[in-house]
Amino acid sequence: MALPPTFASAMLLLPDEDLRFSGSLAEPGAFKSVETGLLVVGILLSTGLFFWRFAPILSIILRSRKDTSYTLRPLGQRIWTFFSEVLCQSKVIRQRPLPGLAHAFVFWGFLAFALVSLNHIALGFGMGFLSPTGAAGRFYFFFAAVWALLVAVSITALFIRRFFVRPVWLGQKLSYESGVIAFLIFLLMVSYLGAFFVQDGSTAVHLLWWTHTLTLLVFLPLIPHTKHLHLVLSPVTVFLKNGGYAQIPPLAGDEDFGLVAGKDITQLISLQTYSCVECGRCTEHCPASTTGKVLNPKEIILGLRTYLNGFGPQSDSPLLTESPVTSPDNPPANYLSMEAAFECTTCGSCEFQCPVGIQHVPVIVGLRRGATNTGAWEDDYGTKLFLALEKNGNALGLSSLERDKFLQKQGFPIFDGTQEYCLWLGCMGSYDPKGREIIADFARVMQHLGTNFGVLKKEKCTGDPARRLGNDLVFQNLAEAGLKSFEAAKVKKIVTICPHCVRTIATDWREFGIAPEIEHHSEFMARHKDQLSEDKWKVPSIVYHDPCYLGRYRGIYEEPRTIVEQSGFIIEASRSRERSFCCGAGGGLAFLGEEAGERVSHVRAKELTDTGAQIIATACPFCNTMFRDALTAVSEHPPQLLDIAQLTARALPASQPAANQSPESGGAQ
């Protein structure tokens, strides 16, 4: 009985054939019964090994805690996201164009090969359904050949990038399994293309057929054992990921404290952890990771995977440890560290960049919830912040009398239910000196437009820092108090200078009730831009910093630029819009003391200063606060720092530049 030839024998015998382009795909002809039997054994063995490796992973996902608040609505948006991010590979390409295209070509090539592979296996049983001599078969086989060539070139380029170029965000550890997978994909393409250069029924095409088949059979059981499991899981993950950006799910009852142990990991989180392709896009754009801190969002996800593999989804072993992770790639023993979890600015770059639907921010906030709600996290600054929010109702811990004095000085009308807008000041607008200047200037803009507005007599923090740091009790109390104050004052529409307040009121408060309509002052001013004066003393250049909670969280990019353009010429920073770099204030970090490693605000301030712009425009009081000190630290002659409301207000009739300064005077305000 003749055994099927190996790849090595194929390579030895092929040169004896007359190799020339035949114009159509050659077929091997009839197979001996022993070959068909071996094919059956090979298929059963390959699929058996695949499910033997995949079944434990699927079991972990299914045995994880159910996501009680999960919903598939809106279904239409999910279908569009699947079409765009999976089938069109939009996110893969947009964020890393060259390697992204290479990955996309490999993915599209696999889709194009679906019929080819089915027909290929069917030939082994004498049931091929695509004939290379028919019009449809000839077209499809040539169509697949084009993709085979693209896949072969792309996988070679990706192999070179991974093993020779080695970008730092891919990790220090070389994955030799990736090299094996790359070789198998290349071999699949070459063995298919080779069939266009041999004759029907020849020994060469027979050898090529078996080479292609054995490669397929070896490839399949390797998938669950490697990061290439994302080929199976990531389309499901993208479709099923929570709707909304960085959506923090509500706690499921009084016994739910967040992600404390394995039993708290939900099915969606488990699915996402096993979908990670370890591409390092989250690491590359994480402000904590890139400034020398312990946090690496990729390690958080891989740490959860390692935990699930070691302890299972129903374990009581704690997820977080006090010690930082020491492994350069994934934590082998400590899994996850308390320090890493509380270094996150919740900027959302990781989630925005991830091509396989992993939502890092809810996971990290979930870990913080588990540590904070159970008392495992002990931090003097955090304790001080929570006490300030409970006692004084603001994150700065100042008496409400200070806000009352500011309101009296500005002569702001108190909202009585008759005005169109409630101007929400927020903690920064109420108590921070620079925030007060921004509020005062924006109020002047509203007055110039003839907008009828008032402010609440009493106003507490939205609870944003408590929410991001995981203190659900403090957040709930503040959210419920805020909703009651709006209801009592009969507020219908709200406008504010703070993107964090917009996000928290509009989205996070929904657990406890629906707040009135709220918008950011950039949206308000952009809508009335035709009624606002252009600056008569335009400066040559202004660089606008995109706040994370306005840009990535809400997709607001054009409105603030529309306002800035009325005051000068916009210069874009090296990282802007969706790729904007965080100021370092988010996630409650503005209140947690000094950072480890390089300061995030300094890195961003340097980027903005390097543009050469004379003015840095912001649209968030937290960003403004972070840059205030950072600019003087990174430049001897820093550009002027102004909110977009200040840019607009100084151009109003009979107004003077803020603080009696002109752009030529410079200085970070």
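**Note on a predicted model**

1. Helix H7 spans residues 176–194, which is 19 residues. From its first C-alpha to its last it reaches 27 Å, close to the 27 Å expected at 1.5 Å a residue. The model is predicted, and the points below should be read with that in mind.

2. Which residues of H7 are buried? They are Ser178, Gly179, Ile181, Ala182, Leu184, Ile185, Leu187, Leu188, Met189, Ser191, Tyr192 and Gly194.

3. Helix H26 covers residues 621–634 and has 14 residues. Its reach from first C-alpha to last is 20 Å, close to the 20 Å expected at 1.5 Å a residue. Where does H26 bend? The bend is at phenylalanine 627 and amounts to about 30 degrees. Phe627 is also one of the buried residues of H26.

4. The C-alpha atoms fill a box of roughly 100 × 55 × 45 Å, taken along the principal axes. The protein chain has 669 residues, and buried residues make up 56% of them.

5. Contacts in the protein chain can be sorted by how far apart the two residues stand in the sequence. Of the contacts with a separation of 6 or more, 79% are between residues 24 or more positions apart.

6. The protein chain exposes about 28100 Å², and carbon and sulfur atoms supply 60% of that area. Its charged side chains number 59 positive and 61 negative. The centres of these two sets lie 2 Å apart.

7. Proline 74 sits in the loop between helix H2 (33–63) and helix H3 (75–87).

8. Alanine 246 is not a glycine, yet its phi is positive, at about 50 degrees. This alanine 246 lies in the loop between helix H9 (230–240) and helix H10 (267–275). Is alanine 246 buried or exposed? Alanine 246 counts as buried because its relative accessibility is 0%, and buried means under 20%.

9. Arginine 577, a residue other than glycine, has a positive phi near 50 degrees. The loop that holds arginine 577 runs between strand E8 (568–571) and helix H25 (600–609). Arginine 577 has 25% relative accessibility, so it counts as partly exposed; the limits for that class are 20% and 50%.

Methods. Residues numbered from 1 in each chain as written. Predicted model: local features only at pLDDT ≥ 70, side-chain atom pairs only at ≥ 80, totals over all residues. Heavy atoms only, no water. Helix = DSSP H or I, 4+ residues; strand = E, 2+ residues; numbered from the N terminus. Expected span 1.5 Å × (residues − 1). Buried < 20%, exposed > 50% of the residue type's maximum accessible area, 1.4 Å probe, protein only. Bend = angle between axes of the 7 residues up to and from the residue. Contact = heavy atoms within 4.5 Å. Areas by Shrake-Rupley, 256 points an atom, 1.4 Å probe, with all protein chains shown as cover. Lys, Arg positive; Asp, Glu negative; His and termini not counted. Charge placed at Lys NZ, Arg CZ, Asp CG, Glu CD.
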